[in-house]
Amino acid sequence: MKFIPVPALLLSLLLAAVPSLMVSSAALAAPAFAPDVIFSIGQPDGYCAEFALAKDGYAAFPKKFPKGVTYEVGKSKPERDWPFLHPSKQDVSWAKGGETHPFTIRFQSGKAIEEPTTFVIGYMGTQGDLSNIHVVVNGTRLPTQVPQNVGFGDIVHNPTRKGRPAANLFTIPAGTLKQGANTITITLEGKSWILYDYVALRKEAKPLAAPERPEAKLLAAFRNGPDAPMRDVQKIVFAVRASGTDEHWYANFGYYAFDEKLKPAPNPGGKLCLYDLDTRQIQTLLDDPQGAVRDPQVHYSGKKILFSYRPGGTEYYHLYEIGLDPKETPLRQLTDGEFDDIEPTYSASGKIIFVSRRAKRWVNCWATPVAILYGCDLDGKNIHALSGNIEHDNTPWPLPDGRILYTRWEYVDRSQVHYHHLWAMNPDGTRQMVYYGNMHPGRLYIDSKPIPGSEKIVSIFSPGHGRTEHAGNVGIIDPRLGPDEKSAAKIISRGKSNFRDPWAFSEHAFMVVDQSRMLLLDDNGSEQTLLELPQEWREKKLLLHEPRPVLAQKPERATADQTVATMSTGRLMLTDVYQGRNMAGIQRGEIKKLLILESLPKPINYTGGMEPLSWGGTFTLERIVGTVPVDPDGSANFDLPAERSFFFVALDENDLSVKRMQSFLSVMPGEVNSCVGCHEERTASPPRYTNFPTAFKRPPSPITPVADFRGVDAFGKKLAVPTGIPDVIDFARDVQPVLDAHCVSCHSPDKREGRISLVGHRTPFYSVSYATITAWNLVADGRNRPQSNYAPRTLGSSASRLVKLSDGSHYGTKLTEREKALIRLWCESGAAYPGTYAALSSGMIGGYVRNNQNKEDLKWPEVQAMKQTLQQNCASCHNGKKTIRLPLTPSDETNTTWWVIPTGDPRHKFSRQIVYDLTAPDKSLLLLAPLAKSAGGYESCGAAVLPGKDDPRYQTILAAIERTKARLDEIKRFDMPGFVPPPQYIRELKKYQILPKKHAPETPVDTYALEQQYWRSLWRKEDR
């Protein structure tokens, strides 16, 4: 063990007495400006959080300031009367209510000012499309200026973050300011807004200087006095390790899919340490220069530490315990195996709850593995899953009532980056329910813990999609206001969003980490450095993580285990499907059944997009499980397989969607769970029922299979009469034959009715038909959007034009009942292109690995010649100004995103996924559109740009597309003869023991059967 002294000067700062526990933020909020400053609105500190709308959001501008802004110096207040964001004249999409949005300042002067003065506009964020700033002083217009392009990051959505301060200086001529009332008006004219840091009037021609903030003195206040929350704290345990290199909050263990030697957290150096507040010494309990240490948790006795540790020279994190005195209680390993076990916590039920890579699945939108909730005995035995999530669960922690609070990331047919919120469950995994935030997109809540003596919790509010190692703002959530109330979440830290690992001593006293520093924080955002890692450690780029006070604590309320180890199912009882949010217009008796769908985990993934699984839609294959009846009173009762991820679609008498669930649920073995409706308001009083739900009076309804895999249903039962519909629908294999039989005769390159083609020819990622269905919005599948809780009949089969076109009303097109059911169920199950994950990172031209695009086509002479030809002959019109820009190469995205497709965006109808035909190059829209009708073309340009197929330009374009086709024929797509999955796919299936270790990666396999075997290997086994 090492003892490292902390400098005495630092100690004297830490222990300096303060008069009270609370440090006044007002004392820090009123800096002394230079004598020449006449007035200032706001402070020159790089923050805009002191202004109006910082809590309401910028979109509230037209409601709060419909006629612009009028600010009276000496009477108005920045937090009420001066918005943090100033709209431009052209910000009409959200700043409705005025064209110029003037910001007017009125102030009194005791005398006329005869010398020149300077009006300073300080800002800390600007949109890239800069506006002109117009300033008018008492009717005199000053010369127009343009602000600097300082960027804004996510500050416009999270005004508590610090920006990049800059300022423009406007010289006010002598004599312009008069005795008495004066007026200064600011307007923007151009492209977009600015974010204010401050505005000021002064005599000197320079920006205001940022005030120096003295460090708060919190330690003595937190430790002294009868109510001091840190009175009993003497030691703090913490981990030291190198930070991960990946920008994602969850990517800090394992390896990357495309190269298992490449790690998201590759840097060595791990320590488990104790810091003594009295002796100022760091005691090193464990020091491994080549290993990594994380996630310490103090036992209830206060005598030992549970943590996660990857010893140097090994691959995996496992759970360990060590005593405060390692000689008495030496290091003990609890778990092992070829998995990562991280983020453990003790529970009052006598179990350890942790998250683990044992789930054998990968992030749906990144190239790293997933860890979900698991439980085990205190000795590491009896390891069992507590979650069916196909994405991450993180940072479990016990609540006072005995439940486990944790972060769940999920995106069932909604945005991949917006829904990672707080959930709670019993320690046995039962009663999983949302705790806070799942209705509202845009923030990651993580590392959450209860606040002693309060019903509130402290949490990290990580902006947007989160940050490396869970960095963000420190916030408090009051769950008593309900899981959907935005005002229940309040940020208490000031500006910075790089805090980590919060700990609450009380509602007013907190401990956090900022890189290599351990800090104290109060609820006003005042900070004091408690400890900074020694310089030697910092030079090795080691960071401080997860400080916890070493205290004996009373266990939380214990809860009895409600699972039954011998069972493989749990029961779900629905009281009334008609009770819930956004159900207006649905009549009783309208819902007849529930369609059960299952989100299927990925055995491997390579990048951040969903391609080629969908084009802007689902990231996940969804299994069609079956249906259960809904009684006339809205009740239902049925059993589900345990530890899997299910969601439901309410169907009407025609099996069309009424309301769709965009979150998943899991049941534990033997659990009986119930809910009110779709989904009930948690803060509302439950409805009064005069009759007992009819479905509860009988045994659970059996699930009627509507699809199967080669005669076996979603529970592994062989059917006497197969349904004839695959449980995982593959567009090329299953849907395209329906289109060929009923649609292609009118919608093909040779007869392009409605200007669309529905042939199954391949494009760079998809097929012509699949890309057309997507670009023309023929399926309502939720898309990759930050939106959920849609109104009834706005998602799925009821809202999908493709289903309506197949009902016989479209020129007499009549599908068989099986074909209609197939189309309908494909729309309900995410409308994916392939029916196998083996398609990922294969068979694509211009595809992506870790968001880096493969542009090998730019090296081909044929493609370069085509690009030059298109630029010379098409760019004068197709330049993005007069009309849609054409994709000049097969990898050209034309400055659009394939991840998020705006509804009705015309650019996607000209996408490379539409204009390049890699099955029949001469049928490519890129060739047929400019070709003369006499030569078999469309003359879509109004005239024949290409008079015939013998035109050298036609031959140049054709040669490039044929070269691209040859490359696709070489690398092969999932639906092409001789297709072999990527070697990484085979590697993981070997690790999962789905394929034998001696299997040669180049050997063709039945990927559909392999994945069924993989998914079934994850199913709950009885008698665990």
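An open sheet of four strands runs in the order S15-S16-S17-S18, with antiparallel pairing. Its edges are strand S15 (292-298) and strand S18 (332-333), each of which pairs on one side only. The model described here is a predicted one.

Within this sheet, strand S16 (residues 304-310) pairs with strand S17 (residues 318-323) in the antiparallel sense, over six bridges. Ile305 stands opposite Ile322 in S17. In a regular strand, side chains alternate between the two faces of the sheet.

**A hairpin before the sheet**

Strand S13 (residues 270-276) and S14 run antiparallel and are joined by seven bridges. Cys273 stands opposite Thr284 in S14. The two strands form a hairpin, with four residues between them. Arg280 lies in that turn and has a positive phi of about 65°. Strand S14 (residues 281-288) has six of its eight residues buried, so the strand is largely enclosed by the rest of the structure.

**The whole protein**

The protein has 16 helices and 44 strands. Its radius of gyration is 31 Å, close to the 31 Å that the globule rule gives for 1024 residues, so the protein is as compact as a globular protein of that length. The C-alpha trace spans about 85 × 80 × 65 Å along its principal axes.

Of the 1024 residues, 59% count as buried. The accessible surface comes to about 40200 Å². Carbon and sulfur atoms account for 52% of that surface. Among contacts between residues at least 6 apart in sequence, 67% join residues at least 24 apart.

Helix H8 (residues 768-775) has eight of its eight residues buried, so it is largely enclosed by the rest of the structure. The buried residues include Val768, Tyr770 and Ile773, but also Ser769, Thr772 and Thr774. What do the buried residues of H8 pack against? They pack against helix H7 (731-742), helix H9 (801-805), helix H10 (817-828) and helix H12 (912-915). Asn777 follows H8 and has a positive phi, near 55°.

Helix H15 (residues 983-991) is mostly covered, with seven of its nine residues buried. Among them are Arg987, Glu988 and Lys990, along with Tyr985, Ile986 and Leu989. H16 is part of what covers the buried residues of H15. Just after H15, Gln993 takes a positive phi of about 60°.

**Two buried glutamines**

Gln1012 is found in helix H16 (residues 1007-1017). Gln1012 has a relative accessible area of 4% and is therefore buried, since the cut-off is under 20%. Its side chain makes a polar contact with the side chain of Asp727, at 3.1 Å. Leaving out residues up to four places away in sequence, Gln1012 touches Arg623, Phe709, Asp727 and Val728.

Gln432 sits in a loop, between strand S25 (419-425) and strand S26 (433-436). Is Gln432 buried or exposed? Its relative accessible area is 12%, so Gln432 is buried. A polar atom of its side chain lies 3.1 Å from the backbone oxygen of Gly429. Beyond residues up to four places away in sequence, Gln432 touches Leu386, Ser387, Tyr406, Arg408, Trp423, Ala424, Met425 and Ser666. Of these, Trp423, Ala424 and Met425 are in S25.

**Cysteines without disulfides**

A disulfide is a covalent bond between the sulfur atoms of two cysteines. A search of the whole structure finds zero of them. The cut-off for a disulfide is 2.5 Å.

Both cysteines count as partly exposed, Cys746 at 32% and Cys877 at 43%.

| Residue | Relative accessibility | Class |
|---|---|---|
| Gln1012 | 4% | Gln1012: buried |
| Gln432 | 12% | Gln432: buried |
| Cys746 | 32% | Cys746: partly exposed |
| Cys877 | 43% | Cys877: partly exposed |

Terms used:
Residues numbered from 1 in each chain as written. Predicted model: local features only at pLDDT ≥ 70, side-chain atom pairs only at ≥ 80, totals over all residues. Heavy atoms only, no water. Buried < 20%, exposed > 50% of the residue type's maximum accessible area, 1.4 Å probe, protein only. Polar contact = N/O pair within 3.5 Å; in protein donor to acceptor, adjacent residues only side chain to side chain. Contact = heavy atoms within 4.5 Å. Pairing = 2+ DSSP bridges. Rg over C-alpha atoms; globule rule 2.2 N^0.38 Å. Areas by Shrake-Rupley, 256 points an atom, 1.4 Å probe, with all protein chains shown as cover.
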